[in-house]
Structure formats: structure tokens, C-alpha cells
Amino acid sequence: MILIRAFVTLLALLVGALMPRPVLPRYTGRAPVVVVHPAHPTAGKPVSVVIAGVPARARDVILDADGVDFATRPAPHHTYTAAATASVVPGPWTLSVRFTLKGVSYTVLSGVVMVSPG
């Protein structure tokens, strides 16, 4: 009985590995630009972020900073602002912008900022 369960489990894993994976949509336009103030943030401190170059019809714009989401507010000329907190770990801080355009959700790498130790 245990041997049959192990075989069925192994067979399910094998079939799952062979199934085609869904293709994630890739944004082909210009990537949004992220400007951080202060330019050299300190670990765990507040940071102001301006996101420029977001497509005109983009909706649900979110700043994704190393897996932590920060809400954005619309500003003039297709820009958005966000109040974020710098990573508590000094070093590179990856900033991506997530948005919805024509019903499709995209995540675009927009910048990497070096965070100084606190």
C-alpha cells in the first residue's frame, strides 16, 4: 500500500513537471524610472519615491521594494509618488513598479539603490 502511494506521488510530480508553464506577459514599452530621496538612503529610514514614465492608461500602480509593496499616489504628468521605508539590510535595494495596463498586470524592474548601514 505504501509503495503504491509513493508511486502515485512520484507519478504526479513527474506529470506536473512535464506540464507547460503559463507564459507571463512581458512589458515591451519603456520601463518606468524610480527617483529616491534621499539619494543614499539609510537602512530602515523613511524614503520618498517618485515614479516617472508610467504608461498613461496604467492603473493600480504599486512600488515593489524587495518584495514589500508600497502604495502610490498619482501626481501630474503620469508620475506617481510613494512613501517607503528603506530596506533594513544594507546593500542593494531592488525597486520594481507593478501596474495594470489594458487588463494585464506587469512588473518592471525600475532601479536598484544602495542602502547604507544605519
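**View 1. Strands E4, E3, E7 and E8 form an open sheet of 4 strands, in the order E4-E3-E7-E8 and with antiparallel pairing.** Strands here are DSSP runs of E with at least two residues, helices are runs of H or I with at least four, and both are numbered from the N terminus; two strands count as paired if DSSP finds at least two bridges between them. The model is predicted, so local features need pLDDT of at least 70 and side-chain atom pairs count only at pLDDT 80 or more, while totals for chains, interfaces and linings use all residues. Residues are numbered from 1 along each chain as its sequence is written, and side-chain values use heavy atoms, with hydrogens and water left out. Strand E4 (68-71) and strand E8 (104-115) are the edge strands, and each pairs on one side only. Neighbouring strands of the sheet are turned by 25° against each other on average, direction ignored (axes are lines fitted to C-alpha atoms, for helices over the stretch in contact; angles run from 0 to 180 degrees between N-to-C directions).

**View 2. Tyr27, Phe99 and Tyr106 are linked by ring pairs into a cluster.** The whole structure contains 3 aromatic pairs; rings of Phe, Tyr and Trp (its six-membered ring) pair if their centres lie within 6.5 Å, with planes under 30 degrees apart counted as stacked, over 60 as edge-to-face and the rest as tilted. Tyr27 and Phe99 form an edge-to-face pair, at 5.2 Å centre to centre and 90° between the planes. Tyr27 lies in the loop between helix H1 (2-18) and strand E1 (33-37), and Phe99 lies in strand E7 (residues 91-101), so the pair ties together parts that are 72 residues apart in sequence. Phe99 is buried at 0% relative accessible area, whereas Tyr27 is partly exposed at 22% (buried is under 20%, exposed over 50%, partly exposed in between; 1.4 Å probe, protein chains only).

**View 3. Strands E1, E2, E6 and E5 form an open sheet of 4 strands, in the order E1-E2-E6-E5 and with antiparallel pairing.** E1 and strand E5 (73-75) stand at the edges with a single partner strand each, so one side of each is left without a neighbour in the sheet. From one strand to the next, the twist averages 30°. Strand E2 (residues 46-52) and strand E6 (residues 79-85) pair in the antiparallel sense over 6 bridges, and Val50 stands opposite Thr81 of E6.

**View 4. Val33, Val35 and Val50 form a nonpolar patch on the surface.** Together they have about 220 Å² of accessible area, by the Shrake-Rupley method with a 1.4 Å probe, where for residues only the protein chains shown count as cover. Patch residues have over 30% relative accessible area and no salt bridge; like charges are joined within 9 Å, nonpolar side chains (Val, Leu, Ile, Met, Phe, Trp, Tyr) within 5 Å. A salt bridge is a side-chain nitrogen of Lys or Arg within 4 Å of a carboxyl oxygen of Asp or Glu. Val33 lies in strand E1 and is partly exposed, with a relative accessible area of 45%.
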